[in-house]
Amino acid sequence: MATLYALSVWLHVVAATSWVGSMIFFAAVVVPVLRRDDLRPVAPRLLRILGARFRVLAWTSLAVLGVTGISNLIFRGFGLEVLCQPTFWATSFGRALGWKLGFVGITVAVTATHELLTRQGSRDVAPSAAQMEHTRRAASWVGRGIMLASLGILFFAVALVRGFL
């Protein structure tokens with residue numbers, strides 16, 4: 001069992017680093033490079049291509065995080081019976097888990113919104129320049145929200161294992 005738990009934790013960490021690391025790479029490297037004047041003509045197309053490729057990694061990471069997150073709780077003895085007890089949620093671990101799950105919910109909801117925005121923008125047959133700019137700005141702000149919520153998840157993940165709440 002210890003080996004399965006270690007594998008589950010490892011997969012959880014790999015998925016989290018893939019998810020958050022990719023977002024940081026997008027924000028710190030891809031977007032600033034695509035804002036260069038010489039790349040502006042190809043930036044929207046390139047961003048759509050990169051986004052489509054990232055979409056697979058992102059949703060796969062989120063799925064792995066969901067499965068391994070549940071299995072990690074079970075391996076640690078926090079099954080449904082424990083999670084249904086109000087006294088559990090009053091503990092430091094319970095509070096950190098509650099906050100983490102709240103940020104997970106926000107992240108999944110905002111990621112789905114981002115998905116709708118970016119897919120809608122790419123479906124428009126001939127969107128106007130104003131529509132494209134509006135979609136780009138909205139997607140950019142939603143992407144920032146996803147990254148902030150994801151960093152919140154990481155904070156509370158550390159709180160879970162370090163017990164500082």
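User: Which residues of helix 6 do Trp19, Val20, Met23, Ile24 and Ala27 in helix 1 meet?

Analyst: The structure is a predicted model, in which local features need pLDDT of at least 70 and side-chain atom pairs count only at pLDDT 80 or more, while totals for chains, interfaces and linings use all residues. Residues are numbered from 1 along each chain as its sequence is written, and side-chain values use heavy atoms, with hydrogens and water left out. Helices (H or I, at least four residues) and strands (E, at least two) are DSSP runs numbered from the N terminus, and contact means heavy atoms within 4.5 Å. On the helix 6 side, the partners are Ile146, Met147, Ser150, Leu151 and Leu154.

User: How many nonpolar, polar and charged residues does the contact of helix 1 with helix 6 have?

Analyst: Ala, Val, Leu, Ile, Met, Phe, Trp, Tyr, Cys and Pro count as nonpolar, Asp, Glu, Lys and Arg as charged, and the others, Gly among them, as polar. Sorted by class, the contact of helix 1 with helix 6 consists of nine nonpolar, one polar and no charged residues.

User: At what angle do helix 1 and helix 6 pack?

Analyst: Axes are lines fitted to C-alpha atoms, for helices over the stretch in contact, and angles run from 0 to 180 degrees between N-to-C directions. Helix 1 covers residues 2-34 and helix 6 covers residues 129-162, with their axes 10 Å apart. The packing angle is about 145°.

User: Is the crossing of helix 1 and helix 6 left-handed or right-handed?

Analyst: A crossing is left-handed if the near helix is turned anticlockwise from the far one by less than a right angle, and right-handed if clockwise. For helix 1 and helix 6, the crossing is left-handed.

User: Is helix 1 roughly parallel or roughly antiparallel to helix 2?

Analyst: The axes of helix 1 and helix 2 (residues 43-75) come within 8 Å and cross at roughly 155°. Angles under 35 degrees count as roughly parallel, over 145 as roughly antiparallel, 65 to 115 as roughly perpendicular and the rest as oblique. Helix 1 is therefore, relative to helix 2, roughly antiparallel.

User: Which residues is Ser61 in contact with, leaving aside its neighbours within four places in sequence?

Analyst: Ser61 belongs to helix 2. Its relative accessible area is 4%, so Ser61 is buried (buried means under 20% relative accessible area, exposed over 50%, partly exposed in between, with a 1.4 Å probe and protein chains only). Beyond those sequence neighbours, its partners are Ala15, Ser18 and Trp19.

User: What separates the C-alpha atoms of Val9 and Leu65?

Analyst: Val9 is part of helix 1. With a relative accessible area of 30%, Val9 is partly exposed. Val9 and Leu65 are 56 residues apart along the chain, and their C-alpha atoms are separated by 9.7 Å.

User: Does Gly152 count as buried or exposed?

Analyst: Gly152 is located in helix 6. Its relative accessibility is 10%, so Gly152 counts as buried.

User: What share of the residues of the chain count as buried?

Analyst: The C-alpha trace spans about 55 × 30 × 25 Å along its principal axes. The chain has 165 residues, and the buried share is 27%.
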